[in-house]
Amino acid sequence: MSYVDEVIERVIAENPNEPEFHQAVREVLDSLRPVVDANEEAFRRDALLERLVNPERQIKFRVPWIDDKGQVHVNTGYRVQFNSAIGPYKGGLRLHPSVNLGIIKFLGFEQIFKNSLTGLPIGGGKGGSDFDPKGKSDREVMAFCQSFMSELCKYIGADTDVPAGDIGTGAREIGYMFGQYKKLRGVFEGVLTGKGLSYGGSLARTEATGYGLLYIVEEMMKCHGQSLEGKTVVVSGAGNVAIYAIEKAQKLGAKVVTCSDSNGWIYDPEGIDVAALKEIKEVKRQRLTEYKTYRPNAEYHEGKGVWGIKCDIALPCATQNELGLEDAKKLVANGVVAVAEGANMPTTAEATEYLQTNGVYFLPGKAANAGGVATSALEMSQNSERMHWTFEQVDEKLKGIMVNLYHNIDNAAKKYGFEGNYVVGANIAGFEKVVDAMNAQGIV
């Protein structure tokens with residue numbers, strides 16, 4: 001049995017009931033086979049893959065908080081600090097009822113390679129809780145965030161671990177967490193990113209993941225002799241990533257005709273009204289059913305269905321494993337040219353393989369959505385310098401990072417004989433930098 005297969009088997013045996021983590025490890029290690037096979041003796045001797053797939057530290061803790069009626073609730077908090085070979089742990093905090101240790105580990109493992117691909121000095125980590133901020137008052141959210149940070153603050157710091165936002169963790173939640181950290185630790189430092197502009201946040205951070213997604217798609221299309229101008233795009237999600245992916249796609253000349261939330265989805269053949277979407281989701285925090293009050297000609301459908309709409313480009317920006325094999329078949333049948341992941345691992349392994357086999361350009365999340373964490377790292381730089389860059393400065397750096405990232409993964413794929421396979425290219429390019437750093441630092 002090959003070294004890669006041994007490690008995959010061990011991960012599954014030692015981490016039962018964590019299918020998302022198994023999926024992430026298998027996808028990465030499968031695509032690393034050319035590199036691992038060429039260095040198998042040295043990698044085995046140093047247990048390199050075992051060290052890579054085992055977090056340096058994983059923390060689990062209870063989070064008690066009191067609701068507005070005086071009832072005490074207890075949620076579970078997590079922080080998985082996966083790999084610090086190239087810099088402080090960096091990765092978001094997800095607040096959602098689906099959160100468990102396996103999901104946090106999958107996200108943290110993916111983050112190692114995503115962060116490496118940015119070219120910036122940040123390691124991989126992830127955290128969160130099964131708390132659901134939806135339907136909670138501001139005071140209840142504050143009570144949870146303060147309790148959560150009271151424990152988390154023991155394990156993070158500007159040069160140790162710098163969490164950020166994620167699903168369920170926006171500017172409000174980051175603000176409450178930062179305030180509690182500052183009170184407990186007595187320091188004002190860049191311990192969190194995604195902060196408000198008045199206390200150390202970066203311009204363009206809100207837009208970064210969605211904008212970065214379109215910058216890398218634009219570069220890929222250009223390198224294949226195409227452009228975004230006049231293309232029809234379908235997007236899933238209606239959160240931060242989806243909103244700004246839609247905004248940037250339309251600025252670049254494409255027409256985005258869908259978006260979705262956990263209840264249903266919108267089809268607007270005239271193009272999604274971004275201003276209305278922002279009002280519904282960012283200001284009023286309402287469901288997408290409200291969209292028709294702004295655009296009566298749009299269609300609202302319960303459940304899922306965006307992948308059945310004919311398009312040139314598909315951007316899954318909601319959550320993991322949302323685009324399955326049947327969805328991929330619909331996209332291919334409708335002539336899709338490219339699929340780029342705005343969310344983390346939103347495409348199942350079977351769907352990914354089907355898309356690639358049928359000649360669809362496929363950009364995996366660890367490359368395509370790296371703009372968010374890249375701009376978080378730029379926020380860290382501004383905090384360290386006590387500087388504040390303009391929107392244009394940050395956006396220009398972001399675009400440069402995403403363009404370079406595309407060429408790095410493209411070159412890595414070509415180097416190992418997998419031209420056009422950006423999954424393999426992303427994993428190898430991210431892996432090589434991390435492995436160089438791990439080898440240089442000894443067995444730690």
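Reader: Which residues lie nearest the centre of the second largest pocket, and how many residues line that pocket?

Author: In this predicted model, the lining comprises 22 residues, and those nearest the centre are E27, A349, T352, Q356 and V423. The space in the second largest pocket comes to about 460 Å³.

Reader: Why is α2 called roughly parallel to α6?

Author: The axes of α2 (residues 19-31) and α6 (residues 101-117) come within 7 Å and cross at roughly 25°. Angles under 35 degrees count as roughly parallel, and therefore α2 is described as roughly parallel to α6. On the α2 side the contact is made by E20, F21, A24, V25, E27 and V28, while G102, I103, K105, F106, F109, E110 and F113 make it on the α6 side. The residues of this contact divide into 8 nonpolar, 1 polar and 4 charged.

Reader: What makes β6 and β11 a pair, and how many bridges join them?

Author: Two strands pair if at least two bridges are found between them, and 4 bridges join β6 (residues 232-236) to β11 (residues 313-316), which run parallel.

Reader: What makes β7 and β13 edge strands?

Author: The open sheet has 5 strands in the order β7-β6-β11-β12-β13, with parallel pairing; β7 (255-256) and β13 (361-363) each pair on one side only, and are the edge strands.

Conventions: Residues numbered from 1 in each chain as written. Predicted model: local features only at pLDDT ≥ 70, side-chain atom pairs only at ≥ 80, totals over all residues. Heavy atoms only, no water. Axes fitted to C-alpha atoms, helices over the stretch in contact; angles between N-to-C directions. Helix = DSSP H or I, 4+ residues; strand = E, 2+ residues; numbered from the N terminus. Parallel < 35°, antiparallel > 145°, perpendicular 65-115°, else oblique. Contact = heavy atoms within 4.5 Å. Nonpolar A, V, L, I, M, F, W, Y, C, P; charged D, E, K, R; others polar. 1 Å grid on protein atoms, 1.4 Å probe; cavity = no way out; pocket = protein on both sides within 12 Å on 5 of 7 lines; lining within 4 Å. Points joined across faces, edges and corners; volume = space filled by probe spheres on them.
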